[in-house]
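Please open the structure in your viewer and keep the selection tool at hand. The stops below are meant to be followed in order.

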Amino acid sequence: MRAFVINQLNHPSKIELTKDAPEPKLIPDQILVDVYSAGLNFFDILQAQGKYQNQPEFPFILGSEFAGIVSQDSPTPLGCSFKPGDRVFGYAQGAYADRVLADPGQLLPLPQNLTFDQGAGIFVTWPTNYEGLVGRARLQKGEWVLVAAAAGGIGMSAVQIAKALGAKVIAAAGSQAKLGAVKKYTGADYLIDYTKPGWQKDVLKITGGRGVDVVYDPVGLIQDSLKCIAWKGRAVVVGFAGGNIEKLPLNLVLLKNIEIIGIHWGAYSIKEPGHVPSVHKAVISMLQSGKVTPVIFPEVYPLERLADGLVALENRKTWGKAIVRIRDEPVPTAKL
Ligand SMILES: NC(=O)c1ccc[n+]([C@@H]2O[C@H](COP(=O)([O-])OP(=O)(O)OC[C@H]3O[C@@H](n4cnc5c(N)ncnc54)[C@H](OP(=O)(O)O)[C@@H]3O)[C@@H](O)[C@H]2O)c1
């Protein structure tokens, strides 16, 4: 099968696709999935170079987030509801390949209203944002939210979830083109270019001088955003896409009576596994309702051009969720 095999650490742009990789060895308690689309993540670039917290043994196949169909020759683990032919999305090491073996606990049914491209970028991003906004930030209807990097994979989903929850959203991104995409796809109430010095004054103006109730930050802009947070506001630390882990003077926390809150979705499966299904259920129900729609970067890369996609992501050239398409969506056959 085709697979993006890592035999030695290197930047993905220097690695060739393997066209005759061995098929996954079937394991009775794992599900075999024919991968249709897979999500591109910054951590894939780190993992290929040995810079990620989770480094599999060599040789390994890159990629983690995917959507596909349970293979006809998949094992059917005892007590598992998935069967061959089911549309699924999930998370498993080795997603940049024709087939991947997945733990049934890391698979969910793909809602019928979503394509495989859309499904390939949901498993990490959407539950992170739902728990980040609902569980951690306790976002209420009518509150103001500032979403940083609103055009990114996390951002586009966070804006939509916040809107679906009835919040007023100020979306911040780094270029007019990206803000245009946010406007077109998310229904954000206000747009801010955060490369413009003093952008926080615009946020204060929009909120009538009050500031935002919630700051949602996947970039590393917490300290800058505290200039426009409301009294008793909550600032959620989601990630450090800007490459810098901030150090915060705690007097800022005291002066405005604010809370700094973390969200690490991946840790829930270890620390609070009982909570995970309720978040999955809420996300799937929101996606099925049609109130929110996963946004895909229009240049969908074939597996042969995976490295181009990862380089575009690394260079901040993508918006929405960047995807690699492994196979085309099956054409529905007419019933006779
Ligand atoms: N906490 C969790 O559980 C969790 C879960 C998933 C992801 N994350 C983290 O969330 C962050 C965002 O993920 P994502 O999927 O949204 O990534 P993404 O699609 O690549 O978007 C990241 C955005 O960050 C902005 N950015 C600012 N400075 C940047 C820089 N120096 N390099 C690259 N981008 C920069 C860019 O937007 P502009 O050009 O508009 O500034 C970029 O579009 C990542 O750090 C990821 O690890 C955390």
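Begin by selecting Ala149, which is buried because its relative accessible area is 19%, where buried means under 20% relative accessible area, exposed over 50% and partly exposed in between, with a 1.4 Å probe and protein chains only. The model is a predicted one, in which local features need pLDDT of at least 70 and side-chain atom pairs count only at pLDDT 80 or more, while totals for chains, interfaces and linings use all residues. Residues are numbered from 1 along each chain as its sequence is written, and side-chain values use heavy atoms, with hydrogens and water left out.

Ala149 sits in the loop that joins strand 8 (144–147) to helix 4 (153–164); helices (H or I, at least four residues) and strands (E, at least two) are DSSP runs, numbered from the N terminus. Show next the residues that Ala149 touches beyond four places in sequence: Gly155, Ala172, Tyr194, Pro218 and Val219. Contact here means heavy atoms within 4.5 Å.

Now select the ligand. Among the 21 residues around the ligand, Ile154, Gly174, Lys178, Tyr194 and Ile263 come nearest, a residue being near if one of its heavy atoms lies within 4 Å. An oxygen atom of the ligand lies 2.8 Å from a backbone N or O atom of Ile154, and an oxygen atom of the ligand is 2.7 Å from a side-chain N or O atom of Lys178. The protein covers 80% of the 910 Å² of accessible area that the ligand has on its own, by the Shrake-Rupley method with a 1.4 Å probe.

Is Thr125 buried or exposed? Thr125 counts as buried because its relative accessibility is 4%. Apart from neighbours within four places in sequence, the contacts of Thr125 are Glu65, Gly153, Ile154, Ser157 and Lys321.

Colour the chain by domain next: the domain assignment gives domain 1 (5–122 + 294–325) and domain 2 (125–266), with bounds from an automatic or database assignment. Their C-alpha centres are 29 Å apart, and 10 residues of domain 1 are in contact with 11 residues of domain 2.

Finish at helix 11 (residues 306–314), where the buried residues are Leu306, Ala307, Gly309, Leu310 and Ala312. Their cover includes helix 1 (42–48), strand 14 (301–302) and strand 15 (323–325). After helix 11 comes Arg316, with a positive phi near 65 degrees.

Notes: A polar contact is a pair of N or O atoms within 3.5 Å; within protein, one must be able to donate a hydrogen and the other to accept it, and residues adjacent in sequence count only if both atoms are side-chain atoms.
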